[in-house]
Amino acid sequence: MTALETAATLAQAMQGELTGLFVEDAELLTLAKLPYSTEVRHTGAEIHHLDMPKLEKEIAERSVYARRALERTGSDRQLRWRFRCVRGNVHREVAAAASDVDLICIGHRVGSGYAKSRMGGMAQLVLENNAPVLIAGSPNRPFIGSVAVVFDGTEHARNDIQNAASIARILKSDLTLLFTDAATEDPSQMLDWASSISGQDVNISVVEFKGGHQVSSAGSSVEGPFGLIVCGIDEKGSIPGWLEYLTEVHGCPLLL
């Protein structure tokens with residue numbers, strides 16, 4: 001639901017369309033066909049045999065719930081929306097969807113309880129399929145605060161600033177340039193350049209920090225919270241731990 005709210009907020013700001021994808025896990029349904037398959041539910045410690053008809057009914061009910069949530073959100077925000085329900089491998093279906101949309105929004109964690117994975121798992125999959133990914137932040141807090149963009153001196157870094165400036169302008173937010181220790185450019189010169197491409201309606205500031213131990217001080221040195229962090233990631237690259245730390249501190253979405 002947090003991912004839905006985050007995606008809807010950005011879609012409304014950019015006058016885009018909202019698409020919901022519900023994947024019926026084919027591997028789970030195959031597992032339920034096996035006579036020795038059992039489950040232990042969160043609500044109790046009792047062991048139950050997996051029942052195929054019951055499982056299909058529960059999945060169908062969740063699909064209906066998801067569609068109604070999407071319809072309600074789209075109607076409330078006056079957004080064009082559509083909903084797709086497919087059956088297959090969850091990761092492969094998400095990867096396939098990446099080629100059909102401008103942006104994929106996912107929750108901060110994939111899985112629940114002890115099955116939670118680091119946020120890099122599904123995000124990395126989407127990036128490998130050459131699609132930007134928006135990772136939702138804390139519930140009920142999308143895009144409240146400055147749009148921050150990581151500047152690391154790489155080839156795509158200036159492009160990242162241009163994208164972040166466009167988003168800041170649309171969201172009517174401030175823009176913060178986060179300079180890492182890898183950047184060799186002069187921060188004041190980059191500030192002047194960013195101001196020239198952003199226009200007078202976007203207030204821009206610069207924060208310098210090193211990606212490791214000094215990131216905590218960077219997270220606390222900015223007045224007010226971040227509403228969104230933008231970072232360019234190569235499809236073969238990995239999401240740095242300090243970037244995850246920053247999104248945790250500010251509870252904001254992360255656009256890769």
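The buried residues of H6 are Ala157, Asp160, Ile161, Ala164, Ala165, Ile167, Ala168 and Leu171; buried means under 20% relative accessible area, with exposed over 50% and partly exposed in between (1.4 Å probe, protein chains only). They lie on the same side of H6, because they cover an arc of only 165° around the axis, the arc being that of the directions from the helix axis to the C-beta atoms. An α-helix has 3.6 residues a turn, so residues three or four places apart point the same way.

This is a predicted model, in which local features need pLDDT of at least 70 and side-chain atom pairs count only at pLDDT 80 or more, while totals for chains, interfaces and linings use all residues. Residues are numbered from 1 along each chain as its sequence is written, and side-chain values use heavy atoms, leaving out hydrogens and water.

Helices (H or I, at least four residues) and strands (E, at least two) are DSSP runs, numbered from the N terminus. H6 has 15 residues and reaches 21 Å from its first C-alpha to its last, close to the 21 Å expected at 1.5 Å a residue; the expected span is 1.5 Å times one less than the number of residues. After H6 comes Lys172, with a positive phi near 55°. Ser173 is in the loop between H6 and strand E8 (175-179), and counts as buried because its relative accessibility is 9%.

An open sheet has seven strands in the order E5-E6-E11-E10-E7-E8-E9, with mixed pairing. Two strands pair if DSSP finds at least two bridges between them. E5 and strand E9 (204-208) stand at the edges, each with a single partner strand, so one side of each has no neighbour in the sheet. E7 and E10 pair in the parallel sense over four bridges, and Val147 stands opposite Leu228 in E10. H6 packs on this sheet, touching E7, E8, E10 and E11.

A nonpolar core is a set of buried Ala, Val, Leu, Ile, Met, Phe, Trp, Tyr and Cys residues joined through side-chain atoms within 4.5 Å. Two cores are listed here.

| Core | Residues | Members include |
|---|---|---|
| Largest nonpolar core | 29 residues | Val133, Leu178, Ile229, Leu243 and Leu256 |
| Another core, apart from it | 24 residues | Val149, Leu177, Ala183 and Ile204 |

How values were computed. Contact means heavy atoms within 4.5 Å. Axes are lines fitted to C-alpha atoms, for helices over the stretch in contact, and angles run from 0 to 180 degrees between N-to-C directions.
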